[in-house]
Number of protein chains: 2
Amino acid sequence: MTSERADRTEIRPGETSLTLPSVADEQVYFIGRIRTPWAERRDCPRAGDPHEGPLCTVEIAEPFRPALAGIERHQFLQALYWMHRARRDLATQAPHGAAASAGSFSLRSPIRPNPIASSTVQLVEAHPDRLVVRGLDCVDGTPLIDIKPDVCPNAGTKPT
Amino acid sequence: MTSERADRTEIRPGETSLTLPSVADEQVYFIGRIRTPWAERRDCPRAGDPHEGPLCTVEIAEPFRPALAGIERHQFLQALYWMHRARRDLATQAPHGAAASAGSFSLRSPIRPNPIASSTVQLVEAHPDRLVVRGLDCVDGTPLIDIKPDVCPNAGTKPT
């Protein structure tokens, strides 16, 4: 495990690991890279804010840029990204501040068999090679794996 | 392209393809399998309904079952699944019924570089090896890649 993938290596009391399959089932392409103000996970907000979060930039890799056509028509987008620093082998986890451990599927922790995060973001600027958005919560340099119109029924209104 | 991955092979007028990278960046494990009433994509609803959609079953593969601990505390979950029958190489698409083509990232079409779908589902029953939910929209047998508590600010209320 390199420093690039080293957010957490210890297993805490109450946590259990699982044995991942020896062979994976499918493959993912990184379609871009997310630029945020946060260099380390401890600096990141607990969840992004599509209304008042800081501006972040979603850079789209060259082969995938034509697929952005028409993106400017959507005010709210769903971004999927790969939490590349997280371990993948915990069945139960004891997050800091939690009273007890819980299954990885009962948490939105980055630690999960497929470390995919989903955030609703507000589109502020669309360029041919990048999007400026609000609502992300990840470390600078996180790989992007998908972006599409959001469907959260209330994303367009500010939660009260 | 086998019949298992053959939802669409032609390129329609107005559509363009992209060249996928020769090497993928990361690997995905299928953590389970989704059982729905729809055998073919043409039978599927356009979007799932977590309130009134039919009951579907999310089967969790054996190695991943311990990660369900505590899932019953969440009424609404976010399911991520792999649209295994979709091609991945279209930059722009002309969906049936659309007036013009649009970039793949401007659509929620299954056709995208990483064919990952996201749905909000309502948890109806939690078992050690499976979840019964409402809100899915995919063909029977679709591979599950993640499930976690939903964060859509309004998922718990019925859209009006």
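Predicted model: local features only at pLDDT ≥ 70, side-chain atom pairs only at ≥ 80, totals over all residues.
View 1. The C-alpha trace of chain A spans about 45 × 40 × 30 Å along its principal axes. A compact globule of 160 residues would have a radius of gyration near 15 Å, and the 17 Å of chain A agrees with that expectation. Of the 160 residues in chain A, 39% are buried. Among the contacts in chain A that link residues at least 6 apart in sequence, 78% join residues at least 24 apart.

**View 2. The rotation axis that relates chain A to chain B.** Chain A is superposed on chain B by a rotation of 180°, with 0.0 Å of shift along the axis and an RMSD of 0.0 Å. This is the relation of a two-fold axis. Among the residues of chain A, the one that comes closest to the rotation axis is A:Gln27, whose C-alpha lies at 2.3 Å.

**View 3. Strand 2 of chain A beside strand 2 of chain B.** Strand 2 of chain A pairs with strand 2 of chain B, residues 26-28, in the antiparallel sense, and three bridges make up this pairing. Within it, A:Gln27 has B:Gln27 as its bridge partner, and A:Gln27 is also the residue of chain A that comes closest to the rotation axis.

**View 4. The side of chain A that touches chain B.** Chain A brings 52 residues to the contact, and chain B brings 52 residues as well. The elements of chain A that give two or more residues to this side are strand 2 (26-28), strand 5 (76-82), strand 6 (90-93), strand 7 (102-103), strand 8 (116-126) and strand 10 (142-149). Strand 10 of chain A gives the most, with six residues. By class, the side of chain A that touches chain B is made of 32 nonpolar, 13 polar and seven charged residues. Because 100% of the interface residues of chain A are also interface residues in chain B, the copies meet through the same surface.

**View 5. Strand 10 of chain B and its partners within the chain.** Strand 10 of chain B, residues 142-149, is mostly covered, with six of its eight residues buried. Strand 3 of chain B, residues 32-35, runs antiparallel to strand 10 of chain B and is joined to it by three bridges; in this pairing B:Arg33 has B:Pro143 as its bridge partner. Strand 5 of chain B, residues 76-82, also runs antiparallel to strand 10 of chain B, here with five bridges, and B:Leu77 stands opposite B:Pro149.

View 6. B:Ala67 is found in the loop that lies between strand 4 (55-60) and strand 5 of chain B. This residue counts as buried because it has 25 C-beta neighbours inside 10 Å, where 20 or more are required. When its neighbours within four places in sequence are left aside, B:Ala67 is in contact with A:Leu18, A:Ala91, A:Gly103, A:Ser104 and A:Phe105. Within chain B, B:Ala67 and B:Val23 are 44 residues apart in sequence, and their C-alpha atoms are 31 Å apart in space.

Technical notes: Residues numbered from 1 in each chain as written. Chains lettered and ligands numbered in written order. Least-squares fit on C-alpha atoms with pLDDT ≥ 70 in both. Contact = placed C-beta atoms within 7 Å. Helix = DSSP H or I, 4+ residues; strand = E, 2+ residues; numbered from the N terminus. Nonpolar A, V, L, I, M, F, W, Y, C, P; charged D, E, K, R; others polar. Pairing = 2+ DSSP bridges. Buried ≥ 20, exposed ≤ 12 C-beta atoms within 10 Å, placed from the backbone. Rg over C-alpha atoms; globule rule 2.2 N^0.38 Å.
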